[in-house]
Amino acid sequence: MPLPEGDLTWPPPQLAPALDRMDVWDTWWAGDPDRLETLYGGGSGIGPDPKPIQFSDGVIGKLARWWWGTPTAPGERRTKLHVPIAGDICGGSANLLFSEPPKFTVDGDATRKRLDVLVDDGMLATLQTAAEVSAALGGAYLRPVHDVEVADAPWLDAVHADAAVPVFRWGRLASVVFWRVVHEDDGQVWRHLERHEPGMIQHGLYQGTKHKLGRPVPLQDHPDTEGFAPSVDDEGRILTEYDKIDVSYVQNDVSRRWRRNRALKDWGRSDLDGVEPLMDSLDETYASWMRDIRLGKGRILVPDAYLQGNGPGKGASWNPDQEAFAGINALARGDQLSLDVAQFEIRVREHRETAEDLVNQILRSAGYSGQTFGIGGDVAVTATEVNSKERRSMTTRGRKILRVRPALAHAVEALLAVDRSVFGREVQPQRPNVEFEDSVQEDPLSLANTADVLRRAQAASTETLVRMAHPEWDETMVHAEVGRIQQENGMAVEDPMQAGALP
């Protein structure tokens, strides 16, 4: 299927429900108070009366009735406070998956050695980025890219889900169009479209408006796309010499919002889906807490006679930090010139308990345990105790690995294919076996005690015990350590019964 033709609406209107929700999730993930107020219709208090929007019907009225949709009163400074828990959730999800690099196993020494080089070249950082984006927007795409002027090897690139128009067949990615705005000027919008399908990549440059794709123009007409012009054929295609699509879709979780929408049912679900009202209430709670602190500051009510004039037309002021005051000439009785102190109560316990309950509910609804995010303290415990306390997080991690593993294996296969076709490497593109490391490390003392018990019970060999104590070691390191242990314990002596026939 070729790139779009004609002056179409862009992005395609059938994707509007998903893109609108992604904009909501992205706003919470970004954590910008200005964007939150804009999203939910809260004004800055400028203007005659911004409040009628609160009584509107439809979607606008619903959004405006959120706490972030409540406008600041005219003449007052904005006192709204945002707690960036959405960013913590998405970042925590990425850390659970890729705090340690996954292991890839392939056949062939040359392919294995080359893959080790490609993996070490910043791949883990890209995977962490893709995992965080996927947790925020519901999905992300991995594609191999290369630039001979930048590096002598390909690398993986992460594309956000709100910059793609995918086509799924039976739950599998069949083709996808990535798009980006490369230039905006005087109402004109230039977009670069990049279509991926099995065996080829197609590039196109379009000149249109904010909501219309417009007409196709030559790739040479813009600096951001002119580099593709020498590589494409007459139809704007680049043959990849790879019989599969070179893009992988990393779905964060199965969608429950669009399960009946044929165009969107295979799109992923964000970790933030459904917890937006709780995050709104959490911000309101913290803002109320800070309001109590501001109001709790001691206020001194003084008579007009105590105020100091600031000059004609400049009013008067009172300096509460002045240590000495001059006498006041007044005809009134002394007992009428008094200082009144107003001190409001700061409801610390009520606000803290409310905030803690909201945080726990948000994390629980997102699929995580509070212990994962430091709630409950950082007391040293064994790996078994950590898994017990973080069971919900570990379950979520395992569920995500089921979706990440096949996508990552396909991305590595495509990366090897690009390395062979573009850079001429002697590698065999193949689907690797992907193993994720245990995110919880066992306590060394606990491992030593376990190994000692197994040793005394003669229930494990020296090699098994070494592998248990050092799961990160490869075959060479394990065998070397076994040899040293046997040498130190005098077990390296050749068995006389195996030494050969006696003379």
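This briefing describes selected local features of the structure above, grouped by topic. The model is predicted, and a search of the whole structure finds 23 salt bridges. Among the other features are a left-handed crossing of helices α1 and α2, a cis peptide bond from Trp10 to Pro11, and a nonpolar surface patch formed by Ile293, Ile346 and Val348.

**Helix packing near the start of the chain**

- Two packed helices are described by the angle between their axes and the distance between the axes.
- For helix α1, which covers residues 16-30, and helix α2, which covers residues 33-40, the axes come within 8 Å and cross at roughly 150 degrees. Because angles over 145 degrees count as roughly antiparallel, α1 is described as roughly antiparallel to α2.
- The crossing that α1 and α2 make is left-handed.

**Backbone geometry**

- Most residues other than glycine have a negative phi, and most peptide bonds are trans.
- The peptide bond that leads from Trp10 to Pro11 is cis, with an omega near 0 degrees, and Pro11 itself belongs to the segment before α1.
- Trp170 is not a glycine, and yet it has a positive phi of about 55 degrees. Trp170 sits in the loop between β4 (164-169) and β5 (172-185), where its relative accessible area of 89% makes it exposed.
- Asp186, which is not a glycine either, has a positive phi of about 55 degrees. The loop that holds Asp186 runs between β5 and β6 (188-197), and with a relative accessibility of 76% Asp186 counts as exposed.

- Side chains of opposite charge can pair when their charged atoms come close.
- Asp253 and Arg403 form a salt bridge in which the closest N and O atoms are 3.7 Å apart. This pair links distant parts of the chain, since Asp253 lies in the loop between β10 (248-251) and α7 (276-296), while Arg403 lies in helix α10 (residues 391-423), 150 residues apart. Asp253 is buried, with a relative accessible area of 5%, whereas Arg403, at 23% relative accessibility, counts as partly exposed.
- Another salt bridge joins the side chains of Arg425 and Asp419, with an N to O distance of 3.8 Å. Arg425 is partly exposed, having a relative accessible area of 28%, whereas Asp419 is buried, with a relative accessible area of 0%.
- Arg484 forms a salt bridge with Glu481, and the closest N and O atoms of the two are 2.8 Å apart. Both Arg484 and Glu481 are in helix α13 (residues 475-488), where they stand three residues apart, about one turn of the helix. At 46% relative accessibility, Arg484 counts as partly exposed.
- Salt bridges that share partners also join Asp253, Arg269, Arg399 and Arg403 into one network.

**Nonpolar surface patch**

- Ile293, Ile346 and Val348 make up a nonpolar patch on the surface, and together they have about 200 Å² of accessible area.
- Val348, one of the residues of this patch, is found in helix α8, which covers residues 348-366. The relative accessible area of Val348 is 32%, so this residue is partly exposed.

Terms used: Residues are numbered from 1 along each chain as its sequence is written. This is a predicted model: local features need pLDDT of at least 70, side-chain atom pairs count only at pLDDT 80 or more; totals for chains, interfaces and linings use all residues. Side-chain values use heavy atoms; hydrogens and water are left out. Patches are made of residues with over 30% relative accessible area and no salt bridge: like charges are joined within 9 Å, nonpolar side chains (Val, Leu, Ile, Met, Phe, Trp, Tyr) within 5 Å. Accessible areas come from the Shrake-Rupley method with a 1.4 Å probe; for residues, only the protein chains shown count as cover. A salt bridge is a side-chain nitrogen of Lys or Arg within 4 Å of a carboxyl oxygen of Asp or Glu. Helices (H or I, at least four residues) and strands (E, at least two) are DSSP runs, numbered from the N terminus. Buried means under 20% relative accessible area, exposed over 50%, partly exposed in between (1.4 Å probe, protein chains only). Axes are lines fitted to C-alpha atoms, for helices over the stretch in contact, and angles run from 0 to 180 degrees between N-to-C directions. Angles under 35 degrees count as roughly parallel, over 145 as roughly antiparallel, 65 to 115 as roughly perpendicular and the rest as oblique. A crossing is left-handed if the near helix is turned anticlockwise from the far one by less than a right angle, and right-handed if clockwise.
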